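Here is a note on the model, in numbered points. Please read it beside the coordinates.

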Amino acid sequence: MTTFAKTLLGFLFAFSSLSTAAPVGFSKVGNKAIAEENVVFKYQSSDGTIELQCTHVFDKPELSDWDVWCGKGTKWLRQFRVHFLVRHYENRGAQRSAFEVLYWVIDRNQPMSKAFSSTSSWVQFKNLSTLESMSFSQGVENDYAYLTVELKP
């Protein structure tokens, strides 16, 4: 592993526990348990002409890191390292819940650089909701394509 790759992994590990501040009145309940069978990744070109089936392995659950391969067995093989973490928060006084989602993608098809794509999102509910599903997309390959993750716990 190159020095840069080690530095990048260290950076991701250090910042994987950081987040934007929780909404006022909300307290962290914990990280949402995610099983491999409850997650689907999909690769699609921005113009919709290419859609690739993806497989994945929850490589480092303690770091919320996944290895994702899209288009295995085709000339379109794409490889990604994904950090996907969902944190659950509640505001007991107001009987409300929220989820924070960290979705970061490293494109392993490109030469390693200091650039990678990331999204941190908050979803808030007016009640104590149970999560049915959520889906997020991250632009890859200079936004010529998207890697979508869908979670159905």
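1. Leu85 counts as buried, at 7% relative accessibility; buried means under 20% relative accessible area, exposed over 50%, and partly exposed in between (1.4 Å probe, protein chains only). The residue is found in strand E5. Helices (H or I, at least four residues) and strands (E, at least two) are DSSP runs, numbered from the N terminus. The C-alpha atom of Leu85 is separated by 8.1 Å from that of Glu100, and the two residues are 15 apart along the chain.

2. On provenance: this is a predicted model, in which local features need pLDDT of at least 70 and side-chain atom pairs count only at pLDDT 80 or more, while totals for chains, interfaces and linings use all residues. Residues are numbered from 1 along each chain as its sequence is written, and side-chain values use heavy atoms, with hydrogens and water left out.

3. How far does the confidence reach? The mean pLDDT of the protein is 84, and 84% of its residues reach 70 or more; pLDDT is the predictor's confidence in each residue, from 0 to 100. Confidence is highest in E2, at 97, and lowest in helix H1 (residues 3-16), at a mean of 41. Over residues 1-19 pLDDT stays under 50, and the model has 26 contacts beyond four places in sequence for this stretch. Contact means heavy atoms within 4.5 Å. Where pLDDT is low, the predicted coordinates should not be read in detail.

4. The secondary structure comes to one helix and nine strands. From the N terminus on, the elements run α-β-β-β-β-β-β-β-β-β. Of the contacts with a separation of 6 or more, 53% are between residues 24 or more positions apart.

5. Which strands pair with E5? Two strands pair if DSSP finds at least two bridges between them. Strand E1 (residues 27-31) pairs with E5 in the antiparallel sense over four bridges, and Ser27 stands opposite Glu90 in E5. E4 also pairs with E5 in the antiparallel sense, over six bridges; here Asp65 stands opposite His83. E5 and E6 run antiparallel and are joined by 12 bridges, with Val82 opposite Val105 in E6.

6. E5 and E6 form a hairpin with four residues between them, and Gln95 in the turn has a positive phi of about 55°. In E5, 13 of the 14 residues are buried, so the strand is largely enclosed by the rest of the structure. As background, side chains in a regular strand alternate between the two faces of the sheet.

7. The largest nonpolar core has 26 residues, and those with the most contacts inside it are Phe41, Val82, Phe84 and Leu147. Such a core is a set of buried Ala, Val, Leu, Ile, Met, Phe, Trp, Tyr and Cys residues joined through side-chain atoms within 4.5 Å. At least two residues of this core come from each of strand E2 (39-45), E3, E4, strand E5 (78-91), strand E6 (96-107), strand E8 (134-140) and strand E9 (145-151).

8. How many disulfides does a search of the whole structure find? The search finds one, where a disulfide is a pair of cysteine sulfur atoms within 2.5 Å. Cys54 and Cys70 form this disulfide, with their sulfur atoms 2.1 Å apart. Cys54 lies in strand E3 (residues 51-60) and Cys70 in strand E4 (residues 65-70), so the pair ties together parts that are 16 residues apart in sequence. The link is right-handed, with 105° about the S-S bond. Both Cys54 and Cys70 are buried.

9. Two loop residues other than glycine have positive phi values and could be checked by eye. Phi of Ser64 is near 65°, and Ser64 lies in the loop between E3 and E4. Ser64 is buried, with a relative accessible area of 9%. Phi of Asp143 is also near 65°, and Asp143 lies in the loop between E8 and E9. Asp143 is partly exposed, with a relative accessible area of 48%.

10. Overall totals: of the 153 residues of the protein, 39% count as buried. The accessible surface comes to about 8,900 Å², of which 52% belongs to carbon and sulfur atoms. Accessible areas come from the Shrake-Rupley method with a 1.4 Å probe; for residues, only the protein chains shown count as cover.
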